[in-house]
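Colleague: I would like to learn how to read a model like this one. Please take me through it feature by feature.

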Amino acid sequence: LNTFTCGAYRLKDAADVDSAAAAIKEYVMGKQWMCGFPDKLIVVSVDNYLISCFGAEDLVNTFRDKLQAAYSGAVVITDEPIVA
């Protein structure tokens, strides 16, 4: 699962995007990984949705690029390496 994991969250209120993105980042960055340490985390906002993805850097980067190509309004909120 740590090679590529992705989730989409529908927000009831678009005003919650920053707090929800921060909560996702805090949760993923705060994990203690036992095997298959993921390289990178992204959190992207598209309309009233947040998409989070973590895993191998090449897979996450490809997903981010394809997502931005498919949705011109996609805004990358977080794009960071996961560090121990």
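Colleague: In which helix does K66 lie?

Modeller: K66 is part of helix α2. Helices here are DSSP runs of H or I with at least four residues, strands are runs of E with at least two, and both are numbered from the N terminus. This is a predicted model, in which local features need pLDDT of at least 70 and side-chain atom pairs count only at pLDDT 80 or more, while totals for chains, interfaces and linings use all residues. Residues are numbered from 1 along each chain as its sequence is written, and side-chain values use heavy atoms, with hydrogens and water left out.

Colleague: Is K66 buried or exposed?

Modeller: Buried means under 20% relative accessible area, exposed means over 50%, and partly exposed is in between, with a 1.4 Å probe and protein chains only. K66 has 60% relative accessibility, so K66 counts as exposed.

Colleague: Which residues does S45 touch?

Modeller: A contact means heavy atoms within 4.5 Å. Leaving out residues up to four places away in sequence, S45 touches V17, L50, G73, A74, V75 and I77. S45 is in strand β2 and is buried, at 12% relative accessibility.

Colleague: How is a pair of aromatic rings described?

Modeller: Two values describe such a pair: the distance of the centres and the angle of the planes. Rings of Phe, Tyr and Trp (its six-membered ring) pair if their centres lie within 6.5 Å; planes under 30 degrees apart are stacked, those over 60 are edge-to-face and the rest are tilted.

Colleague: How many aromatic pairs are there by this rule?

Modeller: The count is two aromatic pairs. In one, the ring centres of F4 and F63 are 5.6 Å apart and the planes are at 65 degrees, so this pair is edge-to-face. F4 belongs to strand β1 (residues 4-10) and F63 to helix α2 (residues 57-70), so the pair ties together parts that are 59 residues apart in sequence. F4 is partly exposed at 34% relative accessible area, and F63 is partly exposed at 25%.

Modeller: In the pair of W33 and F54, the ring centres are 5.4 Å apart and the planes are at 55 degrees, so the pair is tilted. W33 sits in the loop between α1 (17-29) and β2 (40-46) and F54 in strand β3 (residues 49-55), so parts 21 residues apart in sequence are tied together. Both W33 and F54 are buried.

Colleague: What phi does D47 have?

Modeller: Most residues other than glycine have a negative phi. D47 is not a glycine, yet its phi is positive, at about 55 degrees. D47 is placed in the loop between β2 and β3, and D47 is exposed with a relative accessible area of 69%.

Colleague: What pattern does the chain follow along the sequence?

Modeller: The pattern is β-α-β-β-α-β, with two helices and four strands. Buried residues are 37% of the 84 residues. Of the contacts between residues at least 6 apart in sequence, 66% join residues at least 24 apart. The C-alpha atoms fill a box of roughly 35 × 25 × 15 Å, taken along the principal axes.
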